[in-house]
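Dear colleague,

I am passing on the structure below, together with some notes on what was found in it. Please read the notes with the structure open beside them.

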Amino acid sequence: MITILLFLAGVVIVSLSGVLMPGPVLAGSVAKGYEERDAGVWIAVGHGLIEVPLILLIYAGLSSLFEVSLIKIIIGLIGGGLMIYLGLGMFRADMNLEARTIDHSALMIGFITSASNPAFYLWWVAIGSLLIMTAVEFGTIGFILFVIVHWLVDLIWYWFVTASVFMSRQLFGDKIWRGVSFLCGSTLILFGGWFIWEGLMAVISFFPEHT
């Protein structure tokens, strides 16, 4: 009992290393937090819709799938495009101060920013897979507890982010809102551009190998 509790405590700490890392999901959370206090809950749900199936794939021994060049290319190009689209949506919200709404729901933001982020898959293949292997040693219950605890870390953090942004918005005016929207939108567009670039580089390196 003590051993599994220590493992789950370790899961919390390691999970924080991923969730606290600045990235697309965090940028989306900050932007959406200006609209909805509890947006982080739905962002975590959207994130989980990608994360839980990914955990199950790794559990089934398919982690090597994400090391295939073609898969990397698809994730990079399509994911980068989706992220740029999401970033442009935040720019539109920036210009529409009366509505102050982002086109996409919190759930969709969590889903898109997770699914289109190659670094998310890399974290799970490189770090998350080790946690999964350890969780399996505790049997089915250990694996289920691992999934629940990890997702709860995501849930609590993203809710904290959106709730904090929402509660502090009364202290700031339109200029701050514009700045936040611009910064978050720019972050997503930059990430999207980077992912597309990585995808294109993978295309260039992929074809010589198969000609």
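**A buried charged pair and its surroundings**

Lys32 and Glu35 are both buried, a class that covers residues under 20% relative accessible area, with exposed meaning over 50% and partly exposed lying in between (1.4 Å probe, protein chains only). Please bear in mind that this is a predicted model, in which local features need pLDDT of at least 70 and side-chain atom pairs count only at pLDDT 80 or more, whereas totals for chains, interfaces and linings use all residues. Residues are numbered from 1 along each chain as its sequence is written, and side-chain values use heavy atoms, with hydrogens and water left out.

**Salt bridges**

The search of the whole structure gives 3 salt bridges, each defined as a side-chain nitrogen of Lys or Arg within 4 Å of a carboxyl oxygen of Asp or Glu. Lys32, which counts as buried because its relative accessibility is 3%, pairs with Glu35 at 3.0 Å between the closest N and O atoms, and also with Glu36, where the corresponding distance is 3.8 Å. Glu36 is partly exposed, at 32% relative accessible area. Arg37 and Asp38 form a salt bridge with their closest N and O atoms 3.2 Å apart. Shared partners link Lys32, Glu35 and Glu36 into one network of salt bridges.

**Helices**

Helices here are DSSP runs (H or I, at least four residues), numbered from the N terminus. Lys32 is one of the buried residues of H2, a helix spanning residues 24-33 that is mostly covered, with 9 of its 10 residues buried. Elsewhere, the axes of H3 (residues 39-59) and H5 (residues 106-115), which are lines fitted to C-alpha atoms over the stretch in contact, come within 7 Å and cross at roughly 40°. The two helices, H3 and H5, are therefore oblique to each other, since angles under 35 degrees count as roughly parallel, over 145 as roughly antiparallel, 65 to 115 as roughly perpendicular and the rest as oblique.

**A nonpolar patch**

Ile74, Leu77, Ile78, Leu82, Trp194, Trp197, Leu200, Met201 and Ile204 make a nonpolar surface patch of about 840 Å²; such patches join nonpolar side chains (Val, Leu, Ile, Met, Phe, Trp, Tyr) within 5 Å, from residues with over 30% relative accessible area and no salt bridge. H4 (69-95) and H8 (174-209) each supply at least two of the patch residues, and H8 gives the most, with 5. Trp197, in H8, is partly exposed at 49% relative accessibility, as is Leu77 at 31%, which lies in H4.

With best wishes

Terms used. Patches are made of residues with over 30% relative accessible area and no salt bridge: like charges are joined within 9 Å, nonpolar side chains (Val, Leu, Ile, Met, Phe, Trp, Tyr) within 5 Å. Accessible areas come from the Shrake-Rupley method with a 1.4 Å probe; for residues, only the protein chains shown count as cover. Axes are lines fitted to C-alpha atoms, for helices over the stretch in contact, and angles run from 0 to 180 degrees between N-to-C directions.
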